[in-house]
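Dear colleague,

Please find below the structure that I am handing over to you. My findings follow directly after it, and I would ask you to read them with the structure open.

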Amino acid sequence: ASIRLNNVLPVDMTEPVIDQGDGRLKVYFSRSALELILPVGDDVPVRVSGFLAGNQAFAGFDEVRVKRGKIQSPTANEVVAPGTVYSVMYDVTSGSAETAALVVSMDGGASWTIDTPQAPNTGTLSWVVPNQLADQARIAVVEVEEGAVGIEDIQGVRAVSDPFSIQGTLDVPRASLVTRLLPPRPNPSTG
């Protein structure tokens, strides 16, 4: 299906798409995937758009309230060095969840991968920053079923970071040093 929420999230194809016959279409989106792309706020805009049969474009708009914990570090626009161990700090929002998982997006939240599948849910995680540069990296602390390791196994999103970047110093090879004598000027020289 061509239907997307905020131009990113596709329809959950495990649920039916229902044409209600009166110009309304009922679709479902994965709640955990939705939580990963929406920021926290009282009036968060959402847009559902796509194409119907016959390439007829449609769009629908609304505002929703989104609440969840906050990632304290990394902060918005922070620069994190690749290949280092970074201490991720987040709000613990569930006392019943003993473990948490860390997921990473290198493209501003369009796609996510599990980085740390199981860690104690203490409010701090040690994260080995990937050796990949990114201008719009994001991380999220999520809850997964015990023993699960896939992005599809996310049960709930605890906190999502603001975008930050992963940047490092460039490795520039040393230039070889060459010493030479220049010819005398003016030529012919005197003296």
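Four strands form an open sheet in the order β2-β1-β5-β6, and their pairing is antiparallel. The edges of this sheet are β2 (9–10) and β6 (56–66), each of which pairs on one side only. Strands of a sheet pair through backbone hydrogen bonds, either parallel or antiparallel. Strand β1, residues 4–5, is joined to β5 by two bridges in the antiparallel sense. Within β5, Val-48 is the residue that stands opposite Leu-5. Please note that the model is a predicted one.

As to the protein as a whole, it has one helix and 15 strands. It comprises 191 residues, of which 32% count as buried. Among the contacts with a separation of 6 or more, 61% are between residues 24 or more positions apart.

Leaving aside residues up to four places away in sequence, Leu-38 touches Asn-6, Val-44, Val-46, Val-64, Val-66 and Arg-68. The C-alpha atoms of Leu-38 and Arg-65 are 9.8 Å apart in space, while the two residues are 27 residues apart in sequence.

The aromatic residues deserve a separate paragraph. The count comes to one aromatic pair. Trp-127 and Phe-164 form this pair, with 6.2 Å from centre to centre and 90° between the planes, an edge-to-face arrangement. Trp-127 belongs to strand β12 (residues 124–128) and Phe-164 to strand β15 (residues 164–166), so the pair ties together parts that are 37 residues apart in sequence. Both Trp-127 and Phe-164 are buried.

Finally, there is the surface. Val-17, Leu-25 and Leu-52 form a nonpolar patch there, and together they have about 210 Å² of accessible area. One of these residues, Leu-25, is found in strand β4, residues 25–26. Leu-25 counts as partly exposed because its relative accessibility is 35%, a value in between the 20% limit for buried and the 50% limit for exposed residues.

With kind regards

Notes: Residues are numbered from 1 along each chain as its sequence is written. This is a predicted model: local features need pLDDT of at least 70, side-chain atom pairs count only at pLDDT 80 or more; totals for chains, interfaces and linings use all residues. Side-chain values use heavy atoms; hydrogens and water are left out. Buried means under 20% relative accessible area, exposed over 50%, partly exposed in between (1.4 Å probe, protein chains only). Contact means heavy atoms within 4.5 Å. Patches are made of residues with over 30% relative accessible area and no salt bridge: like charges are joined within 9 Å, nonpolar side chains (Val, Leu, Ile, Met, Phe, Trp, Tyr) within 5 Å. Accessible areas come from the Shrake-Rupley method with a 1.4 Å probe; for residues, only the protein chains shown count as cover. A salt bridge is a side-chain nitrogen of Lys or Arg within 4 Å of a carboxyl oxygen of Asp or Glu. Rings of Phe, Tyr and Trp (its six-membered ring) pair if their centres lie within 6.5 Å; planes under 30 degrees apart count as stacked, over 60 as edge-to-face and the rest as tilted. Two strands pair if DSSP finds at least two bridges between them.
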